[in-house]
Amino acid sequence: MSGNADREYVIRGPQSFGMALREFRLRRGLTQAELAKTSGLHRSYLSELERGSTTDAVRYLVLACRALDLGIVLRPREGARKNGA
């Protein structure tokens, strides 16, 4: 997944969400503990998300978007910091 810093990730379920989340975290040079601290989430919850564990929130989001024939795409915001810069 590494490579293009502007890569977009199409989210099809918890596994693809987790892979994208991990890639973006690593790209910023953050540990799970650092991301947990800045996001207000528990580190073990972030770990579950990155492993693709099916959490209710992610599952419901994907189901609602599928029902509306919508796609979910994760990409860096314009002007977002890259590699912790």
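Select Pro14, Phe17, Gly18, Met19, Leu21, Arg22 and Arg25 in helix 1; they meet Leu46, Leu49 and Glu50 in helix 3. Contact here means heavy atoms within 4.5 Å. By class, this contact of helix 1 with helix 3 has 6 nonpolar, 1 polar and 3 charged residues. Ala, Val, Leu, Ile, Met, Phe, Trp, Tyr, Cys and Pro count as nonpolar, Asp, Glu, Lys and Arg as charged, and the others, Gly among them, as polar.

The model is predicted: local features need pLDDT of at least 70, side-chain atom pairs count only at pLDDT 80 or more, and totals for chains, interfaces and linings use all residues. Residues are numbered from 1 along each chain as its sequence is written, and side-chain values use heavy atoms, with hydrogens and water left out.

**The whole chain**

Zoom out. The chain has 4 helices and 2 strands. Helices (H or I, at least four residues) and strands (E, at least two) are DSSP runs, numbered from the N terminus. Read from the N terminus, the order is β-α-α-α-α-β. Of the 85 residues, 31% count as buried. Buried means under 20% relative accessible area, exposed over 50%, and partly exposed in between, with a 1.4 Å probe and protein chains only. Take the contacts between residues at least 6 apart in sequence: 57% of them join residues at least 24 apart.

**Helix 1 against helix 3**

Two packed helices are described by the angle between their axes and the distance between the axes. Show helix 1 and helix 3 together. Their axes come within 7 Å and cross at roughly 120°. That makes helix 1 oblique to helix 3. Axes are lines fitted to C-alpha atoms, for helices over the stretch in contact, and angles run from 0 to 180 degrees between N-to-C directions. Angles under 35 degrees count as roughly parallel, over 145 as roughly antiparallel, 65 to 115 as roughly perpendicular and the rest as oblique.

**Helix 2 against helix 3**

Which residues make the contact? On helix 2, pick Gln32, Ala33, Leu35, Ala36 and Ser39; on helix 3, pick Arg43, Leu46, Ser47 and Glu50. By class, this contact has 4 nonpolar, 3 polar and 2 charged residues.

**The aromatic pair**

Next, the rings. The count is 1 aromatic pair. Rings of Phe, Tyr and Trp (its six-membered ring) pair if their centres lie within 6.5 Å; planes under 30 degrees apart count as stacked, over 60 as edge-to-face and the rest as tilted. Select tyrosine 9 and phenylalanine 24: they are edge-to-face, 5.2 Å centre to centre, with 85° between the planes. Tyrosine 9 sits in strand 1 (residues 9–11) and phenylalanine 24 in helix 1 (residues 14–27), 15 residues apart.

**Arginine 75**

Move to the segment after strand 2, where arginine 75 is found. Arginine 75 is exposed, with a relative accessible area of 51%. Not counting residues up to four places away in sequence, arginine 75 touches Arg7, Glu8 and Phe24. Arginine 75 and arginine 7 are 68 residues apart in sequence and 6.5 Å apart in space, C-alpha to C-alpha.

**Last stop: aspartate 69**

Select the loop between helix 4 (56–67) and strand 2 (72–74), the place of aspartate 69. Aspartate 69 has a positive phi of about 55°, although it is not a glycine. Aspartate 69 is exposed, at 73% relative accessible area.
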